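Work through the exercises below with the sequence and the model at hand, and try each task before reading its solution.

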Amino acid sequence: MKGSVPVQLRWLAHARSGDKGNTANVGLIALEPDWYPLLVKQVTAARVARHFRGMVSRVERFELPNLAALNFLLHDALDGGGTISLKTDAQGKVYSTALLRMAIPVPRAVARRARGGRTGG
Amino acid sequence: MSRVVRVAAGQGFWGDWLEAPARQVQGGPIDYLMMDYLAEVTMSIMQKQKSRDPATGYARDFVPAMERILPDLAAKGIRVTSNAGGVNPRACAEAVLETARRQGLAGRIRVGLITGDDILHRLDELLARGHELRDLDTDRPLSDIRDRVRSANAYLGMAPVIEALRGGADIVITGRVTDTGLTLGPLAHELGWRADDWDRIAAGTVAGHIIECGAQASGGNLLRDWERVRGLERVGFPLVEMGSDGTFVVTKHPGTGGVVNIASVTEQLVYEMGDPRSYITPDGIADFTTIRLRQRGKDRVQVSGIKGTPRTTMLKVSIAYFYGYKAVGTLVYAWPDAFAKAKAADRVLRARLRDLGLEFEQVLTEFVGADATHGRLAGVPDPDAPEVQLRVGVRARDKAPVERFTREIAPLVLTGPPSVTGFAGGRPAVEEIVAYWPALVDRREIEPHVRVEILKA
């Protein structure tokens with residue numbers, strides 16, 4: 001995207017995650033409602049799958065425009081999940097924060113408004 | 001909005017803040033206190049306790065919690081719904097009644113006891129009649145693990161809760177009733193909602209979902225502007241004020257800490273979410289893409305517009321079965337080169353496990369402070385980190401290799417890389433793994449077996 005700069009999702013969205021068996025879910029919520037279309041366009045299931053390459057088998061995405069939120073299902077993310085998993089984060093409670101590391105290209109005006117105007121990724 | 005019914009969350013899980021129920025009852029007007037204790041694996045823990053002592057098998061914290069608030073409940077006419085009964089709701093109900101009698105409340109407290117969710121003793125009969133109870137995730141039939149099943153419970157909905165309230169219960173004690181049903185039941189009962197009024201059923205379900213994890217909707221675990229959330233030491237648990245049309249407000253008592261805003265409610269809405277158009281419960285299906293949120297003053301969020309669709313013919317069943325054994329050992333390595341030392345220790349440990357010929361299903365190493373929660377996304381570990389915790393977990397079907405592993409951690413202190421500490425806790429414990437098997441069953445197999453009894457103190 002011409003005239004755009006990469007910004008980490010932590011400056012554009014907040015998030016919470018949970019689990020269903022061996023699947024983690026990440027709800028990604030735009031910090032400003034008018035940034036939601038940017039998330040829809042840039043944070044695709046394919047890009048999230050690339051971000052978590054080697055950590056999950058498959059990514060599904062659902063849109064909630066009413067909440068300015070996207071919901072991602074990260075399949076096979078929890079090393080067995082529930083009581084079987086040996087991971088510290090066996091129930092995916094902080095998987096959401098790993099998604100916030102991802103950077104997406106946004107217009108400079110948005111980058112400036114994003115918290116602290118920081119860019120990165 | 002003419003009539004409003006207030007349902008307040010008192011517990012979000014077994015182990016939640018013990019102060020919350022009393023504060024919800026004393027901090028402002030409420031009609032119902034909803035106490036959710038059950039997570040997916042909780043039932044199997046309770047089943048294990050019950051097999052050792054038949055008088056246990058329920059959330060024992062519930063009894064002292066009731067003891068503390070019973071006089072208030074009786075004085076203010078507040079009623080309670082809770083799935084604290086676990087795998088032994090009758091014992092839970094008896095314990096609460098006994099407490100009420102001791103407090104001089106004989107004749108004033110009625111407990112509604114709901115049973116019939118427990119199908120452990122009916123599994124063979126169900127299998128024999130062709131119900132395969134296949135794992136919803138793997139599609140394997142239950143017969144694969146039948147001999148290892150520890151508990152089996154169908155998720156019941158609002159119907160028995162409503163029946164108990166109609167029967168005059170002050171405290172409704174259930175086993176595996178859905179988290180949301182504990183909120184929806186009182187709402188449908190008070191507001192006279194029909195069981196096929198799918199939009200209102202969905203609204204009550206969403207209300208239940210918002211408060212079922214307690215303070216996670218009112219500032220606890222809130223990521224957005226977390227450093228600006230005030231007063232978490234006296235956090236107010238959430239409550240809903242439901243109107244007859246299905247529009248409601250999420251709020252908390254005045255003077256409490258935390259926050260109720262669009263961010264806090266939205267984070268809870270997306271928690272453990274699957275397909276947002278299809279949040280399935282025994283009572284109906286809620287469409288989360290129809291939810292509208294508006295801030296209506298300080299710590300008040302209005303929720304409206306919720307649409308629902310009819311319930312399905314199936315009920316979810318939660319089965320717990322014995323899987324094997326696991327153990328996790330940890331050691332802390334200090335600067336300089338903390339990460340490199342921890343990594344070297346892991347190599348030594350793994351080589352020793354191999355030389356001993358121990359067989360594991362998995363050996364997982366994490367470096368806490370470097371990669372434990374974000375994996376490779378965390379990037380190259382900081383060579384100057386003040387310390388790194390080596391955390392090694394093993395899992396096996398047999399106990400022996402796991403047992404031997406737990407004896408291989410301490411020796412690393414004197415036989416491995418230097419600058420190591422953090423072993424004061426002693427040998428790691430061998431844990432039995434009880435795993436979760438979600439399945440579906442025809443609701444006609446369950447509902448005729450559900451019983452509601454009204455017991456008097």
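Two residues are in contact if their C-beta atoms, placed from the backbone, lie within 7 Å. The model is predicted, so local features need pLDDT of at least 70 and side-chain atom pairs count only at pLDDT 80 or more, while totals for chains, interfaces and linings use all residues. Residues are numbered from 1 along each chain as its sequence is written, and chains are lettered from A, ligands numbered from 1, in the order in which they are written.

**Exercise 1.** Find how many residues of chain A are in contact with chain B, and which element gives the most.

Solution. Begin with the count: 30 residues of chain A are in contact with 41 residues of chain B. Next, look for the elements, where strands are DSSP runs (E, at least two residues) and helices are runs of H or I (at least four), numbered from the N terminus. Two or more residues each come from β2 (13-20), β3 (23-30), β4 (58-64) and β5 (69-75) of chain A, and β2(A) gives the most, with six residues.

**Exercise 2.** Determine which strands stand at the edges of the ten-stranded sheet of chain B.

Solution. First write down the order, which is β11-β12-β8-β7-β1-β2-β3-β6-β4-β19 in an open sheet with mixed pairing; two strands pair if DSSP finds at least two bridges between them. Then take the ends: β11 (292-295) and β19 of chain B each have a single partner strand, so one side of each is left without a neighbour in the sheet. Finally, check one pair inside the order: β4(B) and β6(B) pair in the parallel sense over three bridges, and B:Gly112 stands opposite B:Val172 in β6(B).
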